[in-house]
Amino acid sequence: MVRSFSGIQPSGDLHLGNLLGAITRWVQDQHTHDAVFCVVDLHALTLPQDPAVLRERTVSLTALLVACGLDPGACTLFLQSHVPEHTRLAWLMECTASFGELSRMTQFKDKSARAEFISAGLFTYPALQAADILLYDTDVVPVGDDQRQHIELARDLAQRFNSRAGQDVLVVPKHVIPPVGARIMDLQEPGNKMSKSLESPQGTILVLDDPKAIEKKIKRAVTDADNEVRFDPEAKPGVSNLLSILGAATGRDPSALAGEYDMYGPLKADAAEAVVELLAPIQARYAELVRDTGTITSILHTGAAKARSVASATLARVHDAVGLLPPG
Ligand code: TRP
């Protein structure tokens, strides 16, 4: 089976864009792929974190991923810090990457421009990400376009490592970008992707928002003045985004949906209702799980054991290839 690997940071609340853009895809992948999902808590530490908040967010994200449909029986779901092979391979990736190529990473440039304290970990972040992926002999990495440069780097490092070793030690992964239909934009600034880091909380629907908040945000979503319902993301980004949301939430095609509306009001009302309906069962499962720390702990322990059995074999191969002696 094709192995897929995805990582997600426990750095904030999941929003509708994450759910419809990435997580829905991951839930499907579990049945067609050997799917590995990693909550990358070590990556979160590249920026300052309050320990209590990090702990809380890690548990909450794990519960939410399971509530969204990741099935620990069908996939491998674990925490990065529970599998020490990640940092161990990361070191070897740091010794494979050049200072120059890490300096060219646009995410590092963006984040370091905003950071008060630029940690060395922020700089070597992509080497740890490459290690995450390469440890599992990953074939495909289904993450957003914003990760393109990082996945390219992981491919380059795998190829460089193999060519230095003179043998195929690491599998060279492919980046697969989820289909464009699921690109959800900010409700207030429909030219930008929906994101938790934007200034406008009114533009972002969180997976855990209550129905009132969802209705209010969609009702106030930016549209345009011509009052024509048409799917045209260039000319009509706001209206098209509402059609995308309604389409993704109901499994229908946004252009086909456009024909069923001739005013914005009903489109907004239906989009809000569809999102509320989509999120209700997720929120109910989440509320149960997040209180049940025993279940979360056991999911994570099982996941780490499964992950480790693959990761330790890869690391042993890599150590041997560079000339490190086996420990035992
Ligand atoms: N950098 C990714 C992000 O910010 C998270 C991540 C860490 C990741 N390791 C990964 C994604 C490995 C895919 C594969 O979203």
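Predicted model: local features only at pLDDT ≥ 70, side-chain atom pairs only at ≥ 80, totals over all residues.
**Exercise 1.** Which residue ranges make up domain 1 and domain 2, and how many Å apart are their C-alpha centres?

*Solution.* Start with the domain assignment. It gives domain 1 as 3-181 + 292-322. Domain 2 is given as 201-287. Next, take the C-alpha centres of the two domains. They lie 31 Å apart.

**Exercise 2.** How many residues of each domain are in contact with the other, and what area is buried between the two domains?

*Solution.* Count contacts with heavy atoms within 4.5 Å. On this count, 12 residues of domain 1 touch 14 residues of domain 2. Now turn to area. About 1100 Å² is buried between domain 1 and domain 2. Carbon and sulfur atoms give 77% of that area. Then look at the side of domain 1. Leu16, Leu20 and Ala67 lose the most area to domain 2. Together they account for 43% of what the domain 1 side buries.

**Exercise 3.** What are the counts of salt bridges and of residue pairs in polar contact between the domains?

*Solution.* Take salt bridges first. Between domain 1 and domain 2 the count is 0. Then take polar contacts. Here the count is 4 residue pairs, both residues at pLDDT 80 or more.

**Exercise 4.** Which helices each supply at least two residues of the side of domain 1 that touches domain 2, and which gives the most?

*Solution.* Two helices are named: H1 (16-32) and H3 (51-68) each supply at least two residues. H3 gives the most, with 5 residues. Finally, sort the residues of this side by type. They divide into 8 nonpolar, 3 polar and 1 charged.

Note on methods. Residues numbered from 1 in each chain as written. Heavy atoms only, no water. Domains from an automatic or database assignment. Buried area = accessible area lost by both parts, 1.4 Å probe. Salt bridge = Lys/Arg side-chain N within 4 Å of Asp/Glu carboxyl O. Polar contact = N/O pair within 3.5 Å; in protein donor to acceptor, adjacent residues only side chain to side chain. Helix = DSSP H or I, 4+ residues; strand = E, 2+ residues; numbered from the N terminus. Nonpolar A, V, L, I, M, F, W, Y, C, P; charged D, E, K, R; others polar.
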